[in-house]
Amino acid sequence: MFSFQHAQNTAPKPHHEGAFQRVSVNLAGRLMLANRDEYDCTAVDMSPGDVLLSSPARPRAGERIIAYIDHVGRLEGTVSRIADDAFVIQLNATERKREKLAAQLTWIANKHELGLPEDRRHDRLAPRKTSTELTLDTGEKFPCRIIDLSLSGAAVDIENRPPIGTPVLLGNMKGKIVRHFQEGCAIEFSGVQSREALTEFL
C-alpha cells in the first residue's frame, strides 16, 4: 500500500524538489497567476512539497501561483521548472500543512487499492474543520483528522483504528468503520447525509 515517506531520513529545510515521493493524481483545478489571470489546470502528479501542473497558463520562473485542486484544496507556491505545456511549483507550506497534504495524497493514491467507490462529484465536500473526535459505542473518544468527506462517508487520519464494523460517531454523524488504510480508516455513514447535517465541519 502506498504511503508518503521522505526520500531522505529527514526533510531538508528549506524544501528542495525531489525530497518527497510523488504520486500520479490527475486532479482538475483552477489556478491564478501573480497578475490575477485565471486558468484551468490539471495536477498531473504531486508530493507534499511540489506539484506538476498542466495548464495553458504561461508563468515566469519564480512567479507566485495560487491553485485550487479538486480533493486537495488551496495550494500556494512558486514556479521552479517550466515545460511546453506544464510547470512545477514548489509549495509554500508549514510542516503541519505538508503532513495534512501527505495524508490526503496517501488517501487518493490508495483509493483504488482499497476498493473504495469514487464519490459522486456533487457529494464531495471540502471540510473547513478537519480536527474532530471519533466516538465508539463504549463512549471512548479518539482525536482524529478528516482527510476526505462526502455525504455518504469520510476517511480520517487516526492513531487508534477501531476494528472494521465498529459503530462510531464522527462528530454527531453515526456510521461504521468499513476500511483500514495506513494512516487511519474509512467510515460509512448510516445514511446519505444532507449538507446541513455536516455543518459542524463546513
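N26 is classed as exposed because its relative accessibility is 63%; exposed means over 50% relative accessible area, buried under 20%, and partly exposed in between, with a 1.4 Å probe and protein chains only. The model is predicted, with local features requiring pLDDT of at least 70 and side-chain atom pairs counted only at pLDDT 80 or more, whereas totals for chains, interfaces and linings use all residues. Residues are numbered from 1 along each chain as its sequence is written, and side-chain values use heavy atoms, with hydrogens and water left out.

N26 belongs to strand 1, which spans residues 23-32. Strands (E, at least two residues) are DSSP runs, numbered from the N terminus. The phi of N26 is near 50°, a positive value although the residue is not glycine. Most residues other than glycine have a negative phi. R36, also a residue other than glycine, has a positive phi of about 75°. R36 is located in the loop between strand 1 and strand 2 (38-46). With a relative accessibility of 63%, R36 is counted as exposed.

Six strands form a closed barrel in the order 1-2-3-6-5-4, and their pairing is antiparallel. From one strand to the next, the twist averages 45°; axes are lines fitted to C-alpha atoms, and angles run from 0 to 180 degrees between N-to-C directions. Two strands are taken as paired if DSSP finds at least two bridges between them. Strand 3 (residues 50-54) and strand 6 (residues 86-91) run antiparallel and are joined by five bridges. Across from L52 stands V88 of strand 6. Strands of a sheet pair through backbone hydrogen bonds.

Note on methods. Helix = DSSP H or I, 4+ residues; strand = E, 2+ residues; numbered from the N terminus.
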